[in-house]
Protein chains: 2
Amino acid sequence: MSLVVQKYGGSSIADAEKLKNIARRIIRRKEEGDEVVVVVSAMGDTTERLLRFASQVSKCPNQRELDFLLSTGEIISSTLLAIALHDQGHNAVSLSGAQAGIRTDASYSRAYIRAINPQRILKELKKGNIVIVAGFQGMTGDMDITTLGRGGSDTTAVALAAKLGTAICEIYTDVSGVYTADPCIVPEARKLKEIDYEEMLELASYGAKVIHPRAVELGKVYNMPILVASSFTEETGTLIHEGISMEIQNKVRGIAHDLNVAKVTVVGVPDRPGISTSLFEPLAEAGISVDTIVQNASVEGITDLTFTINRSELGRVMDIIKPISLSIGAKDCIGDATLAKVSIVGIGMQNTPGYAARMFRTFYDAGINIEMITTSEIRITCIIKEEKVPDALRVLHSTFDLYED
Amino acid sequence: MSLVVQKYGGSSIADAEKLKNIARRIIRRKEEGDEVVVVVSAMGDTTERLLRFASQVSKCPNQRELDFLLSTGEIISSTLLAIALHDQGHNAVSLSGAQAGIRTDASYSRAYIRAINPQRILKELKKGNIVIVAGFQGMTGDMDITTLGRGGSDTTAVALAAKLGTAICEIYTDVSGVYTADPCIVPEARKLKEIDYEEMLELASYGAKVIHPRAVELGKVYNMPILVASSFTEETGTLIHEGISMEIQNKVRGIAHDLNVAKVTVVGVPDRPGISTSLFEPLAEAGISVDTIVQNASVEGITDLTFTINRSELGRVMDIIKPISLSIGAKDCIGDATLAKVSIVGIGMQNTPGYAARMFRTFYDAGINIEMITTSEIRITCIIKEEKVPDALRVLHSTFDLYED
C-alpha cells in the first residue's frame, strides 16, 4: 500500500457528471490498495463568477476579502467531491487549506507556503478516509485565509506530496500530457513520455499551459516526480522528473508559444542617465512585470527604447508611460498588441552551439520576421507577429526533428 | 460610543446594489459613533443553489460535507459586504463562524452553539474595523465546520450580542416589523411597537416568519432585546423584550398562520395498548416531528387516530405509516394536505377565561369549520381548511380589536 497525491483541475470536475466520474477514478485507485489524497481546483468557471461578483461591488476589491471570497470555490468542489465519494459508498473527508495545515505568509492573492502541518490529513488517512484538500489556499498565522495565486492548486498538490513523502504527484487535467508543441496548431506534435524539471519550467514559463511553473519549481526543489495526464482517459501521460538520459537531452525537447505579449516603444528618447529609471520605476510600483527590454544604439543622443509586457496590461502601462515619455522629451510612445513569443527549449542546448542560428535561419526561410530575442541557458525565445505563430511552430517542429523520439 | 450587533437577511443583500445599500446603512451607524458587528445570511438563493448542486451529486449527501458546503454561502456574502465597505472607504473585516470563535457541538445541519470566544472580534473592533460575521455556522472542537440549521443567522446574531454584552440586537429583514396578522392578507393589520419574548416565541413557532423562534428563545434566556425592522426603509420596527405593561398584556397581541400543515388519519384502528407506539416510534426514528395527536373515543374497540405534521413531509410519512397501519389491522390511512393552522397569541390569555370560546364563536359565525384544536398557556391554535385562512385572519382581527393599540 502506498500513498499518492492526485490533483484534478477545474475542467475535470466542471459539473455533477464529471465529479462522479472523477470519484469513480479515485475509488479505483483506492481499491487497488493505495491511500489517496486528492487536491481539487474550483469547478469550471466558479472563480471567474466570484471575481465578477466582487467587481460588481468594487472596482478594486480589498485583497484580504477577495482571497477569502475566492477560497470558497475550492471548498465547494472539495465538499461536492467528498459527497460523491460517500454516495458511491466510500469514506471521504474534505479539508480546507487551513484544516489541511497549509500555513502561508500574508501576501494575499499570491501567498507563499511557509509550512505544512500534515497531522489532520494523516489522522483522516488512518481512519481509512479518502482525503480531499481544497487547492489554491492556505491560512496565515492569524487564521486569515489566503490564496496562492495562479497555478495555486498544482502548487498545493506538489507541496503536499513533498511533505507527505509520496513517490509521485499526479496532476490530472484536460490535456493528456506535455506535447512537443501545441497539438491544436501542430497536429504532428508528439506527447513526451518524460521531461526534465528545467525544461518543463521553461516551457511552462513561456506559454505551455499544462502545469504552472511554480509547481514545477517546487517539484524540482523537492525532487518530486510529477505525472501530467488526462483526467478523462487512461492514456499514459508525461512524467516530469530529473535525470533524463544524455542522448535525449541533446535535443530541442519542445516548443512553447505565448500570445499574451504586447510591445511598447518609446520613440526618440534623449539618451541620458536616469531615463530608464524614470520609465521603469513607476511600472514596478504599479506591480507590472516588464519582460524583455531593448535599447537601440543612440544616434546623435537620441534612442528608441522597446520593452514587452503581458498584453492584458497594455492599457494600464500606456496610461502610466505616455505622460512620462512626453515629460522626458520623447517624441512618441507606441503600443503594439499583435505580437507573440515562440520559444524552443532543451537542456542539450546549453552545451551545444548553433541552435539559435538554426532557429533564425528557419524563420528567415519561412518569411517570419523576428522583432526581439531573449534567451536562457536552455531556451531561445523570438518575439514575432502573432499571425505567424502557426507557421513558426510548424517549421521549428520540422527543423528540430520533434516528430521523432 | 456603544457596540451594536446587526443582522441582515439574504433578501436584504441579494445583489450588488443591495449589498452597497446595506454597506451605506452600516457606515451611517458607524459614523454616528457606534462600533458595529454585522451578521449576514447567504445572498438571495445561494443556499438553495448549493443544495441543488449537492442533490445532483447524491440523493442523500453526507451531512458533514453538506454543512461545510453550505457554510460557503455566508462567507461569500460576508466577504462581498466587507469589500463594499472598503470600497466606500471604511475598514472592515469578514470572519467565518470559526474565525469569530463560534464553537458548536458536532450535530451537523442543526448544531448548537456551545461557547463563543470573542477574542478575534474584539481585536478587530479595537483596530477600528467594522466586523462582518458569517451567520448560520460554527466550528467543532475538531475544527470541522457546522451549520446551525433553520434561523441560524438570527441565532448567531443574538448569541453574539449576548456574549459581547450589547444593549440590543438588531435584525434587519424584508418586512418592517411584527404585525398583528399577515398584512398581505389583512391589510388593516397593525405593526406592533413591542412584544414580549413569550408572545413572539408562540407567533414565530406558529407561522410568523419574521424571526426564528430559536433566536427569540436565546434572546429570552439572555434577556437581550431584539429589534426587528426593515433593511430597506428607516421605519421604526418592533422591539422584542420583556416587561410589556399589564394593560397591553391583557389582550390578544397577534395572529399567526401556517400553511405548512398536513393531517394524517389512521381509520378504524383496534384500540389496544401499544398501537400509538408502533405508529409513532418509526416516525421519530425517521426524524419526523408529529405535532397535534387526537384519538377519538373508542366505539366497540375501534378508534380513529389523527395527527398533524409538516406538509412537506407528507409523502415520507405516508410511505412509513401506510404499511404499519395495515399490519396493525387499521381499515385505512388517509393524508390531507389542504389544512392550515391559525393561532391567537397573548400573554393576557393565561389569566383570563373566554378567549377560546370567543375564537370558536367567531369561526362558527363566519362558517369556518374547526378540524383540530391545540393550546398553550398563551396561545390557542385551530386547524382549519387552508382556503378559509384569509377569512379566519380577518374575522379574528376584528373580534379581538387588533386594529387598536
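Predicted model: local features only at pLDDT ≥ 70, side-chain atom pairs only at ≥ 80, totals over all residues.
The relation between the chains comes first.

The contact between the chains draws 27 residues from chain B and 27 residues from chain A. On the chain B side, helices H1 (16-31), H2 (46-57) and H3 (63-87) each supply at least two residues. H3(B) gives the largest share, with 14 residues. By class, the side of chain B that touches chain A holds 16 nonpolar, eight polar and three charged residues. Of the interface residues of chain B, 100% are also interface residues in chain A, so the copies meet through the same surface.

Chain A contains an open sheet of six strands. The strand order is S14-S15-S13-S16-S18-S17, and the pairing is antiparallel. Strands S14 (293-295) and S17 (372-376) of chain A are the edge strands, each pairing on one side only. From one strand to the next, the twist averages 25°. Strands of a sheet pair through backbone hydrogen bonds, in either a parallel or an antiparallel sense. S14(A) is joined to S15(A) (residues 302-309) by three bridges, in the antiparallel sense. Here Ile293(A) has Phe307(A) in S15(A) as its bridge partner.

H6 (residues 197-205) and H7 (residues 213-221) of chain A pack at an angle of about 165°, and their axes are 9 Å apart. That angle makes H6(A) roughly antiparallel to H7(A). Their crossing is left-handed. From H6(A), the contact uses Tyr197(A), Met200(A), Leu201(A), Ala204(A) and Ser205(A). These meet Pro213(A), Val216(A), Glu217(A), Gly219(A) and Lys220(A) in H7(A). Six of the contact residues are nonpolar, two are polar and two are charged.

Chain B also has an open sheet of six strands, ordered S14-S15-S13-S16-S18-S17 with antiparallel pairing. The edge strands of chain B are S14 (293-295) and S17 (372-376), and each pairs on one side only. The twist in this sheet averages 25° from one strand to the next. Within the sheet, S13(B) (residues 254-270) and S15(B) (residues 302-309) run antiparallel and are joined by seven bridges. In this pair, Val269(B) stands opposite Thr303(B) of S15(B). Helix H11 of chain B (residues 355-365) packs on the sheet and touches S16 (332-345) and S18 (379-385) of chain B. The direction of H11(B) makes about 20° with that of S18(B).

Conventions
Residues numbered from 1 in each chain as written. Chains lettered and ligands numbered in written order. Axes fitted to C-alpha atoms, helices over the stretch in contact; angles between N-to-C directions. Helix = DSSP H or I, 4+ residues; strand = E, 2+ residues; numbered from the N terminus. Parallel < 35°, antiparallel > 145°, perpendicular 65-115°, else oblique. Left-handed = near helix turned anticlockwise from the far one by under 90°. Contact = placed C-beta atoms within 7 Å. Nonpolar A, V, L, I, M, F, W, Y, C, P; charged D, E, K, R; others polar. Pairing = 2+ DSSP bridges.
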